Amino acid sequence: MISGNTALVALLGQPVSHSLSPAMQNAALKAMGLDWSFLALPCSADDLATVLQGLEAVGCRGLNVTIPHKQAVSQLCKELSPLAQRLGAVNTMTPLPSGGWHGHNTDVEGFVAPLLHNNANWSGTRTVVLGCGGSARAVVAGLQDLNPSEITIVGRRDQTLQPFCSDLQQGRPAHSVQLQPLLDNDPQLQTRIQQADLVVNTTPIGMSSHQPDQGPVLPLGEDIWNNLTAHTVLYDLIYTPRPTPWLQRGEALGCRTYDGLEMLVQQGAAALRSWSGVDEVPVNAMREAALKNLSHP
Ligand code: NAP
């Protein structure tokens, strides 16, 4: 029940109408008995600074930030966590007692959470990341912390692939794993995929709303996956449809698979922890609400 005392938490992005965050966060707030309400607010890039000032002025308790503002808001925060600073991307903001916003990134925690289930150990594994856009930054940062022996980043354009790798390598200890850029037409690609313990898809290929007329349904096309064996784990950041055609292919070959829903739930749970200061947030209620509100095309 919204009253005169209800406080606001919100998502800023554009578009936001299909976001699962309001369902997920409001289910959690209800279970926690917090008199807060979570709204998805569409916001243009031009209005971002004004909207942040306004939300601070009305006592907003916290924000999630999504496409296309994750980079831009990092410039508007008074303070950044070391991780947000390193990634140059913010998805979670909390108001500072002294005024202004603190920016953090919970996408990394969200990404690694399913991989760390049952105390799994990824140390020494060979990993491959498909794509080098916004979400790949959080994925690579997460993998770097898992201490694999290889992280190969596959991109389709050298102009984005090279700066992506040097950016994410910067500031890492000298002994840490070197990122290996690989173009998607490189002859080594087939072997890298075949030898990989974990392949993560961060491209939108296979997503319901991403339907290029004659585009591929599987990342990197059909053939490269023919020699996949059951030892390779596939992780797709996409969660509509569930499972994606790529994960279906992996399941048919006996591979363990993860889709992006748990990452979404866990990044939201981590955000809620930082807004509320409560460690034990109702993750199950969040997951159930997200599942219930997923559209199945
Ligand atoms: P993005 O910044 O646009 O990056 C997409 C990457 O995929 C870029 O490297 C892009 O290459 C590449 N790409 C796009 N179309 C391609 C194609 N046809 N062939 C080869 N490469 C292609 O997008 P994003 O924000 O990272 O999001 C990527 C996906 O992750 C989306 O499906 C999104 O829904 C999902 N996601 C899920 C979560 C979650 O919580 N589960 C969180 C964030 C994102 P170019 O740079 O050359 O265009």
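## A buried arginine

Let's start inside the fold: Arg 137 is buried, with a relative accessible area of 14%. Here buried means under 20% relative accessible area, exposed over 50% and partly exposed in between, with a 1.4 Å probe and protein chains only. Arg 137 sits in helix α6, residues 134–145. Helices (H or I, at least four residues) and strands (E, at least two) are DSSP runs, numbered from the N terminus.

Which residues does Arg 137 contact, leaving aside its neighbours within four places in sequence? They are Gln 71, Arg 86, Leu 87, Phe 164, Asp 167 and Leu 168, where contact means heavy atoms within 4.5 Å.

## About the model

This is a predicted model, in which local features need pLDDT of at least 70 and side-chain atom pairs count only at pLDDT 80 or more, while totals for chains, interfaces and linings use all residues. Residues are numbered from 1 along each chain as its sequence is written, and side-chain values use heavy atoms, with hydrogens and water left out.

## The chain as a whole

The protein chain holds eleven helices and twelve strands. A compact globule of 297 residues would have a radius of gyration near 19 Å, and the chain agrees, with 19 Å. That radius is taken over C-alpha atoms, and the globule rule is 2.2 Å times the number of residues to the power 0.38. Along its principal axes, the C-alpha trace spans about 60 × 40 × 40 Å.

Of the 297 residues, 47% count as buried. The accessible surface comes to about 14200 Å², and 50% of it belongs to carbon and sulfur atoms; these areas come from the Shrake-Rupley method with a 1.4 Å probe, and for residues only the protein chains shown count as cover. Among contacts between residues at least 6 apart in sequence, 68% join residues at least 24 apart.

## An open sheet

Six strands make an open sheet in the order β2-β1-β3-β5-β6-β4, with mixed pairing. Its edge strands are β2 and β4 (79–80), each of which pairs on one side only. Two strands pair if DSSP finds at least two bridges between them. In general, strands of a sheet pair through backbone hydrogen bonds, either parallel or antiparallel.

Strand β5 (residues 92–95) pairs with strand β3 (residues 62–65) in the antiparallel sense over two bridges, and Thr 92 in β5 is the bridge partner of Asn 64. Thr 92 also stands opposite His 104 in β6. Four bridges join β5 to β6 (residues 101–104), and these strands run antiparallel. The two form a hairpin with five residues between them, and Gly 99 in the turn has a positive phi of about 100 degrees.

## Aromatic pairs

How many aromatic pairs does the structure hold? There are four, counting rings of Phe, Tyr and Trp (its six-membered ring) whose centres lie within 6.5 Å; planes under 30 degrees apart count as stacked, over 60 as edge-to-face and the rest as tilted. The rings of Phe 38 and Trp 275 have centres 6.0 Å apart and planes at 35 degrees, so this pair is tilted. Phe 38 lies in strand β2 (residues 36–42) and Trp 275 in helix α10 (residues 261–276), so the pair ties together parts that are 237 residues apart in sequence. Both Phe 38 and Trp 275 are buried.

Elsewhere, Phe 111, Tyr 235 and Tyr 258 form one aromatic cluster. Phe 111 is among the buried residues of helix α5, along with Asp 107, Val 108, Gly 110, Val 112, Pro 114 and Leu 115. Helix α5 (residues 107–115) is mostly covered, with seven of its nine residues buried.

## Cysteines and a loop threonine

A disulfide is a pair of cysteine sulfur atoms within 2.5 Å, and by this rule the count comes to zero. Cys 60 is in no disulfide, and the nearest cysteine sulfur, that of Cys 43, is 12 Å away. Cys 60 counts as buried at 2% relative accessibility, and Cys 255 counts as buried at 7%.

Finally, Thr 240 is found in the loop between β11 (233–236) and α9 (245–252). Is Thr 240 buried or exposed? Thr 240 is buried, with a relative accessible area of 18%. Thr 240 and Met 207 are 33 residues apart in sequence, yet 5.8 Å apart in space, C-alpha to C-alpha.
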